[in-house]
Amino acid sequence: MINKTMTTENYEQKHGLGHMAAIFTILLWGTTFISTKILLRDFAPVEILIIRFVMGLIALVIACPKPIRGTTLRQELTFAGAGLSGITLYYLLENIALTHTTASNVSVIASVAPFFTVLLSYAVSRGKEKLRVMYFVGFAIAMTGICMLSFSTTKFQAEPLGDLLALIAAAVWAFYSILTRRISGYGFNTIQVTRKIFAYGILFMIPAWFLTDCHLELSRFADPVNLSNMLFLGLGASAVCFATWNFAIKHLGAVESSVYIYAIPPITVIAAAIVLHEQMTVFSLAGIVLTLAGLVLSELKFGKKDTSEEKEENNEKTESEN
């Protein structure tokens, strides 16, 4: 009885820390659209990516120099897939989208990533993970609020190329979430995992660097605005946030953690009001309330998962990897 109680308490504690990590991550990620939009004035999309993730990789190596050893080929391919989807493709598509449409549009469209994650999880599990009604109810309410935010801040402009790239980016993020959930079952340190994913992501970015004919001009960092925003993206939004997000996925799962993405558009609106002095309206505040309400509804269905069930799933996942 004591061991069972201790196991339950430990599970609840880790579950709570997972939620805190997810909230912290989303708070920072919600402001990255503004920083990236500012940097796009002087930097190409690929330049921003390579610089920020190289900075993040260096920070992670300093924080945890010990590399991951003893991985199998299958595990390495999973790491490579996570780096390709969650680092290279997602952020490259997102940054290019920002050059063709507004930050508001990209933020709104990218927030549908949890919906893709649910569908992909259902496909990967071959029907074992149920598609529950409350998730879609929460999704509908959250998307209503997100659309209200978009209409309240700027006129929602239909930019086919930019909006399409943002939608593809949301779908790609679902693959990253699923792969990261599998990686969490390997038992490696979160920082080591994040560093390895970064390394693969940077590796896949190199061809894009040469194809776009980018040039590293250090003089651009003489501008304090460029330097501060790049440091924020590299150290905060990349090194720290990917580590905390991977921690959240490890203890909450891909679907449960991904619903926090619904909160990104409200955070973007609030950050834009503070940093860019954009006007907050009653319509936008109503959108924030609806978005957060949708987030809560989507989250409620996960809260009472039995510890023994979670343990059994983890054992099955570990056995399948071995």
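Is Tyr 90 buried or exposed? Tyr 90 is buried, because its relative accessible area is 9%; buried means under 20%, exposed over 50% and partly exposed in between, with a 1.4 Å probe and protein chains only. The model is predicted: local features need pLDDT of at least 70, side-chain atom pairs count only at pLDDT 80 or more, and totals for chains, interfaces and linings use all residues. Residues are numbered from 1 along each chain as its sequence is written, and side-chain values use heavy atoms, leaving out hydrogens and water.

Start with the rings. The structure holds 17 aromatic pairs. Rings of Phe, Tyr and Trp (its six-membered ring) pair if their centres lie within 6.5 Å; planes under 30 degrees apart are stacked, over 60 edge-to-face, the rest tilted. Tyr 90 pairs with Tyr 91 edge-to-face, at 4.9 Å centre to centre and 90 degrees between the planes. Tyr 91 is buried too, with a relative accessible area of 4%. Trp 173 and Phe 242 have ring centres 6.3 Å apart and planes at 65 degrees, so this pair is also edge-to-face. That pair links distant parts of the chain: Trp 173 lies in helix H8, Phe 242 in helix H10 (residues 224-252), 69 residues apart. Helices (H or I, at least four residues) are DSSP runs, numbered from the N terminus. Both Trp 173 and Phe 242 are buried. Tyr 90, Tyr 91, Trp 173 and Phe 242 are among the members of one aromatic cluster, which also includes Trp 29, Phe 53 and Trp 245.

Two rings carry a charge over the face. A charge counts if NZ of Lys or CZ of Arg is within 6 Å of the ring centre and within 35 degrees of the ring normal. Arg 52 lies over Tyr 91, 4.7 Å from the ring centre. Lys 196 has its charged end over Phe 79, 5.8 Å from the centre.

Now the core. A nonpolar core is a set of buried Ala, Val, Leu, Ile, Met, Phe, Trp, Tyr and Cys residues joined through side-chain atoms within 4.5 Å. The largest has 80 residues, and Ile 26, Trp 173 and Phe 242 are among those with the most contacts inside it. Beyond neighbours within four places in sequence, Ile 26 is in contact (heavy atoms within 4.5 Å) with residues including Trp 245, Tyr 260 and Ile 267.

Thr 180 sits in helix H8 (residues 160-184). Thr 180 is buried at 2% relative accessible area. Sequence neighbours within four places aside, Thr 180 contacts Asn 246 and Ile 249. His 251 belongs to helix H10 and is buried, at 16%.

Notes:
Helices (H or I, at least four residues) and strands (E, at least two) are DSSP runs, numbered from the N terminus.
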